[in-house]
Structures are given as C-alpha cells and as structure tokens.
Amino acid sequence: MSASLESCTLVIVPTYNEADNIATLVAAIMQATPAVDILFVDDNSQDGTQEKITLMQHQYGHKVHLLSRAGKLGLGTAYIAGFKWALTHPYHVIVQMDADLSHDPAHLPRFLTLLESSDVVVGSRYVDGGGTRHWSIVRRCISKSGALYARWLLGLPIQDPTGGYNVWHRRVLEAVDFEAVQSEGYAFQIEFKYRAYRAGFRLVEAPIVFIDRRVGASKMSTRIVFEAMLRTWRLRYLRPESILSQRRQTNSPLM
C-alpha cells in the first residue's frame with residue numbers, strides 16, 4: 001500500500017450513543033493505518049460519546065475530528081454530511097465504517113491497496129473468505145436475502161450491496177449526486193453503490209468477517225428493512241440524468 005494514499009485518507013464514523021466503543025475503535029484504526037484521519041459524525045449522543053471523542057482529539061491531535069449534529073438525523077444523512085466535509089478538505093480516499101466494532105480496521109491496508117486499481121472497494125461478507133459472526137439465523141437470512149434481492153433487481157455486479165464497510169475514491173464522490181440520496185440504513189448502502197456503478201465506476205469486493213456488536217444497542221429496525229425493499233424498487237427506475245452531480249454530467253460516463 002502506498003504511504004501517500006494512507007496519508008490522504010479519511011475514515012468517516014457515524015455515532016449515536018457509542019461511548020463505550022470510541023477509544024477501542026480509534027486505537028485499532030491508528031494501529032492498522034497510522035497516517036489516516038478520522039471524522040466522527042455524532043447525532044447528539046446522550047451517553048458521553050462526544051466527550052470520549054474529545055479525549056481522543058487530545059490524544060491524537062489533528063488526526064481525529066468531530067462533526068456534531070443537533071439530533072438523531074439518521075445514518076444516510078450522517079454519511080452525506082461526512083462526504084461534504086471530506087470534499088472541503090484535501091482527502092483522496094474516504095472510508096465508511098461503523099462505530100460498533102463490527103468492522104475490523106485490520107482490513108484497511110488491504111482495502112487501500114485495492115483502491116489503487118479501482119474506484120470503490122466494498123467490504124464483502126458474501127465472497128470467499130467473508131462471513132458473519134455471532135448472528136442469529138433470522139438475521140443471516142434477512143441480510144443474505146436483502147443482498148440477493150438488490151443484486152437481482154438492480155443488476156449489481158457485487159455480492160454484498162447492503163454492507164456498510166466501503167472505501168470510495170474522491171472522484172466518485174465528486175461525480176455522483178450524493179445529495180440526491182434520501183435513503184437510510186441498508187437502502188443507503190445499496191443506493192450509493194448503485195449510483196456509482198451506473199456512473200461507470202469500477203467496484204471491487206474484498207472479504208470481511210462481520211462481527212456483531214458486543215457493546216451497546218443495535219440500530220437495526222423493521223422500518224429500515226422495509227425502506228430498503230421499497231427504495232430498491234424505486235432505484236430500478238432511476239433516470240440516468242439524476243445520477244451525476246450537475247458539475248460532472250458533461251464529462252463522466254454513464255452505463
């Protein structure tokens with residue numbers, strides 16, 4: 001992996017009541033990729049999450065950043081806020097990662113190496129070497145069915161379109177109209193990958209083992225699952241001209 005690529009990488013981590021995980025997560029990211037920066041997008045946590053992030057800022061200095069929002073506004077809007085923040089700074093690589101320690105930072109060096117020859121790296125539970133740990137049979141069925149549903153309906157060439165551990169080259173965020181994305185949860189992950197694919201960018205998958213959270217409460221809900229099903233149908237009829245941002249519609253390919 002190029003050291004210069006690591007030094008221009010931002011890891012975006014949305015948080016809501018994740019105080020118990022912050023120190024462990026930051027230490028693991030810094031151990032795996034010492035040169036990256038981290039941006040926490042916090043939705044007004046009430047459990048001391050922001051105070052823990054402030055402690056990490058004191059420990060790691062300018063490597064750790066906090067974007068504080070007024071309330072619980074949702075995962076999708078948290079990532080969009082983080083993407084906007086990233087594009088106002090000189091980062092070339094933007095990583096999506098959960099705060100609950102389900103995404104192992106040890107995968108980051110491999111992801112960044114793969115990005116040198118692609119546009120998007122998808123951390124995949126459903127390719128050889130990938131998987132899940134500590135999941136119930138019901139949750140496994142819901143997740144796998146959701147991935148198959150999105151692949152079938154949208155023709156996506158990846159096995160795990162619903163996963164949340166992804167790496168994007170800056171050129172993708174500059175080209176895709178992410179401000180038009182209104183989805184949350186699974187649906188957000190599907191929609192953003194689909195827009196990137198339809199815009200002609202190359203997506204590759206890398207195996208990960210997803211470990212269910214050990215601390216805190218899951219944010220998954222029935223509403224998020226049903227939103228993903230409905231939103232995926234709507235994406236099937238997405239017009240090509242609505243995929244790219246206005247500033248890039250004249251010079252980026254569409255499939």
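Okay, let's start with the sheet: it is open, it has seven strands, and the order across it is β3-β2-β1-β4-β7-β5-β8, with mixed pairing. Keep in mind that this is a predicted model.

So which strands stand at the edges? They're β3, residues 64-68, and β8, residues 203-207. Each has a single partner strand, so one side of each is left without a neighbour in the sheet. And neighbouring strands here are turned against each other by 20° on average, if you ignore direction.

Quick reminder for anyone new to this: strands of a sheet pair through backbone hydrogen bonds, and that can be parallel or antiparallel. For an antiparallel example, look at β5, residues 120-124, and β7, residues 166-169, which are joined by three bridges. If you want to find a pair on screen, go to Val121, whose bridge partner in β7 is Val167.

Now, the helices. Helix α2, residues 22-32, lies across β1 (9-15), β2 (37-42) and β3, and it runs at about 155° to β2. Helix α3, residues 49-60, packs on the sheet too, touching β1, β2 and β3. The direction of α3 makes about 150° with that of β3.

Let's zoom out to the whole chain. How many helices and strands does it come to? Nine helices and nine strands. There are 255 residues, and 54% of them are buried. The accessible surface is about 11300 Å², and carbon and sulfur atoms account for 55% of that.

Key: Residues are numbered from 1 along each chain as its sequence is written. This is a predicted model: local features need pLDDT of at least 70, side-chain atom pairs count only at pLDDT 80 or more; totals for chains, interfaces and linings use all residues. Side-chain values use heavy atoms; hydrogens and water are left out. Two strands pair if DSSP finds at least two bridges between them. Helices (H or I, at least four residues) and strands (E, at least two) are DSSP runs, numbered from the N terminus. Axes are lines fitted to C-alpha atoms, for helices over the stretch in contact, and angles run from 0 to 180 degrees between N-to-C directions. Contact means heavy atoms within 4.5 Å. Buried means under 20% relative accessible area, exposed over 50%, partly exposed in between (1.4 Å probe, protein chains only). Accessible areas come from the Shrake-Rupley method with a 1.4 Å probe; for residues, only the protein chains shown count as cover.
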